[in-house]
Amino acid sequence: TPNSPLSNEVAVVLIKPSVVIVSPALADSNNGNWQTARRWQLFLSGHFNVRIVKHWESNLATQNDVAMIALHARRSADSIAAWAQSRGTDAQGSLGLILALTGTDLYRDIDTDETAQKSLELARHLIVLQEKGTEKLGEALQEKTSVIFQSTSSRKTLEKAKRRLKVVMVGHLRDEKMPQTLMEAAVLLRTYPDIFIDHIGGPLDPELAQAAEETMQACPNYRWLGNQPHSTTRARIQRAHVLVHASKMEGGAHVIMEAVCSGTPVVASYIDGNIGMLGAGYPGYFPLGNAHALANVLTQLQEDIVNPKPLPPGKSSLYAKLKNQCAERAKLFAPENEQNQLIALVQRAVQYNNKLNPQEVNHANI
């Protein structure tokens with residue numbers, strides 16, 4: 001109106017910048033990539049308009065995207081290349097392009113796959129999800145890399161059963177997760193009636209699924225439960241004494257932090273991805289693929305739970321050590337830490353872009 005204080009001024013309407021997350025897996029996959037993408041979308045939504053896509057291409061509908069977060073160097077390579085071609089590159093990479101590196105990126109693809117290597121070159125910023133991830137990158141790449149631990153909500157620590165050791169392993173049946181290590185350990189432990197093993201994961205590899213069926217027939221204390229809803233899985237983790245994570249390739253396993261933040265300690269394969277989550281001095285590791293070593297750790301924990309022995313002053317059982325060290329590591333996986341670091345990184349990426357942040361739309365004489 002003519003008498004309005006804004007009548008002769010310019011009003012500034014702030015529009016959230018548009019950010020796209022490229023994830024090779026969407027909701028129907030129910031895996032770590034999707035959980036990361038969805039959580040990051042929620043974390044960033046207060047500052048940016050964020051959508052999740054499986055593929056990105058340059059067109060009229062995407063021209064206002066000011067930043068891309070791509071999960072997976074190889075599997076998102078086409079989207080990364082399309083972004084770089086559209087937005088341009090310099091010696092530091094493409095403006096607004098952030099690449100989060102997965103376990104298969106760090107510990108397989110970037111050594112041998114040319115498209116994954118090209119994705120590293122094109123990215124302006126890199127994210128690794130655990131503290132040893134940077135060791136797989138050269139000095140030049142380390143300079144543009146941020147370590148951002150993933151996060152999860154904490155769950156109340158439940159009182160555990162005292163007459164049995166409840167073990168859970170979570171991961172789809174595929175080679176990278178090494179489920180056969182748990183199955184072989186279950187066979188070794190089939191005469192231990194106080195050790196109960198639940199194995200959660202979808203049958204992605206038919207041969208491993210058949211092996212799980214055969215293990216159930218041979219071992220009454222082993223159950224393969226197949227794929228389960230995330231809420232059910234977290235509840236089973238919460239009730240277990242220990243989570244087994246036997247994987248041979250990890251970028252930063254969700255299930256480890258979910259266990260740690262539920263008061264459930266972890267027994268894990270001795271690989272960089274697990275060490276980067278649990279710490280170098282953690283006493284709950286076993287050699288990769290060594291079912292005998294895993295079985296030995298579980299029998300020791302069974303003794304700690306079912307038949308605890310008096311210990312000298314100042315000494316702790318293995319189970320107590322695992323619990324205490326996991327409680328310390330849980331602080332790294334607080335949601336506010338991940339959110340603050342992620343927002344800061346995306347804001348930095350957007351500010352380097354040629355587009356304004358926030359975008360300003362001027363309307364005269366409103």
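Biologist: Is phenylalanine 333 buried or exposed?

Modeller: This is a predicted model, in which local features need pLDDT of at least 70, side-chain atom pairs count only at pLDDT 80 or more, and totals for chains, interfaces and linings use all residues. Residues are numbered from 1 along each chain as its sequence is written, and side-chain values use heavy atoms, with hydrogens and water left out. Buried means under 20% relative accessible area, exposed over 50%, and partly exposed in between (1.4 Å probe, protein chains only). Phenylalanine 333 has 0% relative accessibility, so this residue counts as buried.

Biologist: How many aromatic pairs does a search of the whole structure find?

Modeller: Rings of Phe, Tyr and Trp (its six-membered ring) pair if their centres lie within 6.5 Å; planes under 30 degrees apart count as stacked, over 60 as edge-to-face, and the rest as tilted. By a search of the whole structure, the number of aromatic pairs is four.

Biologist: What kind of pair do phenylalanine 149 and phenylalanine 333 form?

Modeller: The two ring centres are 5.8 Å apart. The planes of phenylalanine 149 and phenylalanine 333 meet at 65°, so the pair is edge-to-face.

Biologist: How many residues apart are phenylalanine 149 and phenylalanine 333?

Modeller: Helices (H or I, at least four residues) and strands (E, at least two) are DSSP runs, numbered from the N terminus. Phenylalanine 149 is in the loop between strand E9 (145-147) and E10, and phenylalanine 333 is in the loop between helix H12 (318-329) and helix H13 (335-352). The pair links distant parts of the chain, and the separation in residues is 184.

Biologist: What is the angle between the planes of tyrosine 270 and tyrosine 285?

Modeller: Tyrosine 270 and tyrosine 285 form an edge-to-face aromatic pair, 5.3 Å centre to centre. The angle between their planes is 75°.

Biologist: Which residue in E11 is the bridge partner of lysine 166?

Modeller: Strand E10 (residues 165-170) and strand E11 (residues 195-200) pair in the parallel sense over six bridges. In E11, the partner of lysine 166 is phenylalanine 196.

Biologist: Which arginine lies over the face of phenylalanine 196?

Modeller: A charge sits over a ring if NZ of Lys or CZ of Arg is within 6 Å of the ring centre and within 35 degrees of the ring normal. At 4.4 Å from the ring centre of phenylalanine 196 is arginine 164.

Technical notes
Two strands pair if DSSP finds at least two bridges between them.
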